[in-house]
Amino acid sequence: MTGLGNIGGHLGGWRHPASWNCTAMNLGQHIETAKLAERGKFDLLFLADGNAVRQMDKPALFEANSPSDRPSVFEPVTLLSAISQHTSQIGLLATATTTYEEPYLLARKFASLDHLSGGRACWNIVTGSYPGDSLNFGREEHVPRAERYERSEEFVEVAKGLWDSWDEDAFVEDKASGRYLDREAVHVLDHVGKHFSVKGPLNVARMPQRYPVLFLAGQSEQGKELAAKHADCVFSVSADIATGKAFSDDVKNRLDRYDRAPESLRIIPGTSVFVGSSEAEADDLYEELQSLISPAVGVPYLSKLVEMDLTPYPIDGPLPDLSGEVVGISSFRKNIAAMAARENLSIRQTYERVLPSMGHVLFKGDAVQVADQIEEWYRSGASDGFMLGAPVMPLGLERIVDLLIPELQRRGLFRTEYTGGTLRENMGLELGVSRNVLAR
C-alpha cells in the first residue's frame with residue numbers, strides 16, 4: 001500500500017531537485033502516481049484528508065507547505081473517482097470523517113466510487129483529530145473525543161445498513177414485462193438513533209464489494225474497540241517491532257467478542273522508505289532532504305505532532321513533560337516522548353529523527369536492507385503489511401517500485417500479479433455479507 005500524494009512525505013520533499021513542480025491541484029500527477037503504484041502491484045493508494053487549511057498561525061511552517069496542512073487539495077472521493085478511470089486494479093482509499101459528514105451522503109459517495117472503479121473503494125474512517133475543522137461546520141469548539149467515537153460507531157452502522165438497501169438481483173430490467181426492479185429486493189433502513197435518523201433506502205444499487213474495505217486509524221481504547229468491531233485494516237503508529245506486536249495483539253485479542261477471526265483484520269503500520277541502488281544512494285537522499293529542514297520549520301512541526309508549543313524551549317535542551325491527554329492523535333505524542341526520553345534527545349535531535357518519517361517507522365538502505373527490515377516486522381507479527389510513504393515524488397515511489405518490490409517478490413513476500421476482480425479479493429478479504437441475507 002502506498003500513500004497518494006504528489007509533494008512527497010518528507011517535509012522538504014517538494015524542494016528536492018527531482019521533485020515535481022506545479023503540484024497544486026495537478027490531476028495529471030495524481031494519475032501518474034496511481035499508474036506507477038499499479039505497475040508496482042500495490043494493494044491500494046491512500047489519500048489522507050482534512051477539512052481545514054492548517055497552521056496559518058505559524059507563518060514559517062504554513063509557507064513551507066508541510067504534507068498534512070492541505071492548503072490546496074482535491075476532495076478525496078472526487079479525485080479517486082477520476083483516478084479510477086485511468087487504472088483497473090489498484091484499490092482507492094479515501095479518508096472521510098464521521099464527525100462532519102452525514103451517513104447517507106457518505107454511503108452514496110463510496111457506493112458510487114465502488115461502482116465506478118469496479119469494486120475498488122476503501123474508506124478510512126476517522127473522527128477528525130484537528131480542532132480547527134469544527135470552525136468550518138458551524139461549531140465554536142471541537143467535539144469531545146468520547147462523543148466523536150459514539151457518533152462514529154452509529155455512523156458506521158447506518159452506512160452499512162444503507163449499503164444493504166438493495167439485493168444483488170434487485171434490478172431485473174425485464175424489457176418484455178416492463179419490470180425494471182423487484183420491489184421485494186429493496187430494504188428500508190428506518191434507523192432512529194441518538195445521533196442520526198435515516199429512512200433509506202440508498203439510491204445506489206448494491207456495490208460490487210457489498211461494503212468498501214474499511215480502514216480505521218484510531219489508537220485510543222475507543223478506536224481499537226471500533227476497529228475490532230468494524231474494520232478490515234487498522235493503521236498503527238509503532239516506533240519498533242515490540243510496540244507494533246503489542247498493538248497488533250491488543251486489537252486482535254478483541255475480535256472474539258465480535259465473532260471475528262484474527263485473519264479478518266490487518267494491522268498496517270505507516271512507514272517512510274528511503275531506498276536506493278546502494279546504501280550510500282539511500283543515505284544521500286536522506287541527507288539531502290534533511291538539509292532542507294530549518295529549525296524555523298522543524299520545531300513548529302514537532303510542536304504540531306506533540307500538540308505542545310516547543311518554540312519557547314531551548315532547541316538543544318530536552319523535550320518538556322508531554323504527559324497528559326491531547327485533542328488529536330495521542331499515539332504520536334506518546335511515541336515521540338518515549339523515544340526522546342529513552343535516547344536522551346534534544347528538541348533539535350527529536351525533530352531530526354521524527355520528521356523524515358512523520359512519526360512512523362523509517363526504513364532506509366538498499367533494496368536488500370529495506371526488505372530485511374520489512375520481513376522482520378512481518379515475520380514477527382508486528383504487521384500484516386505496510387503503508388509505504390515516498391519521501392519525494394516521483395523519485396521515491398519509482399525507487400520503491402523498481403528496486404524494493406522486485407526484492408520482496410523474489411522472497412515470496414509480495415504478489416507478482418493481481419489475481420482478484422475486486423480490492424477485497426486482491427487483499428484476501430471476504431466480501432461483506434449483507435445483514436439482509438443473514439436475517440433470512
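Modeller: A patch is made of residues with over 30% relative accessible area and no salt bridge, where like charges are joined within 9 Å and nonpolar side chains (Val, Leu, Ile, Met, Phe, Trp, Tyr) within 5 Å. A salt bridge is a side-chain nitrogen of Lys or Arg within 4 Å of a carboxyl oxygen of Asp or Glu. Accessible areas come from the Shrake-Rupley method with a 1.4 Å probe, and for residues only the protein chains shown count as cover. This is a predicted model, in which local features need pLDDT of at least 70 and side-chain atom pairs count only at pLDDT 80 or more, while totals for chains, interfaces and linings use all residues. Residues are numbered from 1 along each chain as its sequence is written, and side-chain values use heavy atoms, leaving out hydrogens and water.

Colleague: What accessible area do Phe171, Tyr180 and Leu181 have together?

Modeller: These residues form a nonpolar patch on the surface. Leu181 lies in the loop between helix H5 (145–163) and strand S5 (191–192); helices (H or I, at least four residues) and strands (E, at least two) are DSSP runs numbered from the N terminus. Together Phe171, Tyr180 and Leu181 have about 270 Å².

Colleague: Is Leu408 buried or exposed?

Modeller: Buried means under 20% relative accessible area, exposed over 50%, and partly exposed in between (1.4 Å probe, protein chains only). Leu408 lies in helix H13 (residues 395–410). Its contacts (heavy atoms within 4.5 Å), leaving aside neighbours within four places in sequence, are Ala371, Ile374, Leu413 and Phe414. With a relative accessible area of 6%, Leu408 is buried.

Colleague: Why does Arg399 count as buried?

Modeller: Arg399 is also placed in helix H13. Not counting residues up to four places away in sequence, Arg399 touches Val275, Gly276, Glu281, Leu285 and Leu404. Arg399 counts as buried because its relative accessibility is 15%.
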